[in-house]
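Visitor: I am new to this structure. Could you walk me through a few of its features?

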Amino acid sequence: MGRVNDRPLRVTHCPVNMAGIPWKNVQALRRRGIDARLVVFKTQPFRPTEYDWNLKRPDGFLRGQLVQLRAFAKLLPKTDVFHFYFGLTLVPRRLQFPLLRLTRRKSVFHFVGSDIRGKTPEQLAYTRKADARVVGSYDAVRWVPDAEVIPPGIDLNRYPVSPGRNGDRPLVVHAPSGRKRKGTEFVEAACAELPVDLEIVHGVTHEKAVELYKRADIVVDQLNAGWYGLFAIESMALGKPVVTFLHEEAVRRTEEAFGVEVPIVNATTETLVEALRPLVESRDERLRRGKASRAYVEAVHDDEKIADRLVELYARL
């Protein structure tokens with residue numbers, strides 16, 4: 001389904017740019033010849049330029065709905081597939097899906113993790129309204145069992161392997177979007193017990209954050225969620241050893257699906273010090289893990305491969 005009636009397939013990704021995943025998908029799809037665009041209600045603070053159309057949705061329910069309805073009316077004639085993120089739609093769901101069926105448009109719900117984690121089947125029943133559901137990992141699939149697993153993709157050309165600081169004391173980098181959710185207090189406590197320096201990255205643009213990640217010798221992602229996020233993916237692409245908390249069943253299913261070992265060091269709040277210690281004490285171990293990290297991202301998170309999987313999904317709608 002790369003073409004429809006001898007023209008490129010037209011796909012609108014909307015209405016938020018969570019973690020930059022929609023924007024990365026759109027860029028990769030365009031390189032595959034898909035007429036893709038990203039439409040957002042508003043921009044994200046640390047990704048202010050990642051969109052094709054910013055609706056600048058005003059505050060206030062009625063004014064906001066009017067802007068959204070006008071946008072949908074404008075997009076409808078130029079869209080074959082609406083690809084929704086974070087459980088949000090362009091217009092209220094009770095209108096969105098009847099309108100899509102009436103106009104014979106297809107739809108996808110794409111979830112990024114926190115939008116479905118811990119919710120009941122009843123709370124997620126609305127996901128069945130879309131023609132397909134996508135989650136980013138085999139950890140998230142337990143919340144939406146019939147979802148297609150398509151991991152987040154990144155443009156590997158923008159993430160060259162970086163050697164890190166390589167000082168007398170290894171530099172640990174941690175980039176929490178929320179300190180409690182990511183277990184930041186435990187990261188700080190663990191690093192205080194080891195001969196390392198700790199840098200916490202927060203409140204900067206994405207471009208600046210990536211530059212700071214390049215300095216890392218070791219990366220700690222999160223200690224609560226059970227899977228890794230975009231911070232870990234970008235760090236692995238840069239050739240960094242990553243420590244985070246992973247659910248073992250999701251690790252097993254990922255390795256089976258992609259035929260590659262997950263190179264992340266698994267740790268909990270209780271085991272973090274001992275999980276970090278071999279990396280702190282051995283530069284060779286850091287280099288070994290870092291090399292495996294890059295190879296893993298090339299196999300699982302290359303946005304060219306992710307674009308192919310999205311095109312295949314659209315073809316089945």
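Guide: A word on terms before the tour. Helices here are DSSP runs of H or I with at least four residues, numbered from the N terminus. Also, the model is predicted.

Visitor: Which helix gives the most to the nonpolar patch on the surface?

Guide: The patch is formed by Leu-69, Leu-95, Leu-99 and Leu-102, with about 360 Å² of accessible area together. Leu-69 lies in helix α2, residues 61-75. Three residues of the patch come from the helix that gives the most, and that is α3, residues 93-102.

Visitor: Is Leu-69 buried, partly exposed or exposed?

Guide: Buried means under 20% relative accessible area, and exposed means over 50%. Leu-69 has 39% relative accessibility, so Leu-69 counts as partly exposed.

Visitor: Is His-83 buried or exposed?

Guide: Look for His-83 in strand β6, residues 81-85. Beyond its sequence neighbours up to four places away, His-83 touches residues including Val-11, Cys-14, His-110 and Tyr-314. Its relative accessible area is 0%, so His-83 is buried.

Visitor: How far apart in space are His-83 and Thr-244?

Guide: In sequence, 161 residues separate His-83 and Thr-244. In space, C-alpha to C-alpha, the distance between His-83 and Thr-244 is 30 Å.

Visitor: Which residues does the cis peptide bond at Pro-15 join?

Guide: Most peptide bonds are trans. Pro-15 sits in the loop between β3 (10-14) and α1 (21-31). Omega is about -10° for this cis bond, and the residues joined are Cys-14 and Pro-15.

Visitor: What is the phi of Lys-56?

Guide: Most residues other than glycine have a negative phi. Lys-56 is in the loop between β5 (53-54) and α2. With a relative accessible area of 62%, Lys-56 is exposed. Its phi is positive, near 50°.

Visitor: And Arg-104: is that residue buried or exposed?

Guide: Arg-104 is found in the loop between α3 and β7 (106-110). Arg-104 is not a glycine, yet its phi is positive, about 60°. The relative accessibility is 77%, so Arg-104 counts as exposed.

Visitor: Is α9 roughly parallel or roughly perpendicular to α10?

Guide: Two packed helices are described by the angle between their axes and the distance between the axes. Residues of α9, including Pro-278 and Leu-279, meet residues of α10, including Arg-283 and Arg-286. Helix α9 (residues 272-281) and helix α10 (residues 283-300) pack at about 105°, with axes 5 Å apart. That angle makes α9 and α10 roughly perpendicular.

Methods. Residues are numbered from 1 along each chain as its sequence is written. This is a predicted model: local features need pLDDT of at least 70, side-chain atom pairs count only at pLDDT 80 or more; totals for chains, interfaces and linings use all residues. Side-chain values use heavy atoms; hydrogens and water are left out. Patches are made of residues with over 30% relative accessible area and no salt bridge: like charges are joined within 9 Å, nonpolar side chains (Val, Leu, Ile, Met, Phe, Trp, Tyr) within 5 Å. Accessible areas come from the Shrake-Rupley method with a 1.4 Å probe; for residues, only the protein chains shown count as cover. A salt bridge is a side-chain nitrogen of Lys or Arg within 4 Å of a carboxyl oxygen of Asp or Glu. Helices (H or I, at least four residues) and strands (E, at least two) are DSSP runs, numbered from the N terminus. Buried means under 20% relative accessible area, exposed over 50%, partly exposed in between (1.4 Å probe, protein chains only). Axes are lines fitted to C-alpha atoms, for helices over the stretch in contact, and angles run from 0 to 180 degrees between N-to-C directions. Angles under 35 degrees count as roughly parallel, over 145 as roughly antiparallel, 65 to 115 as roughly perpendicular and the rest as oblique. Contact means heavy atoms within 4.5 Å.
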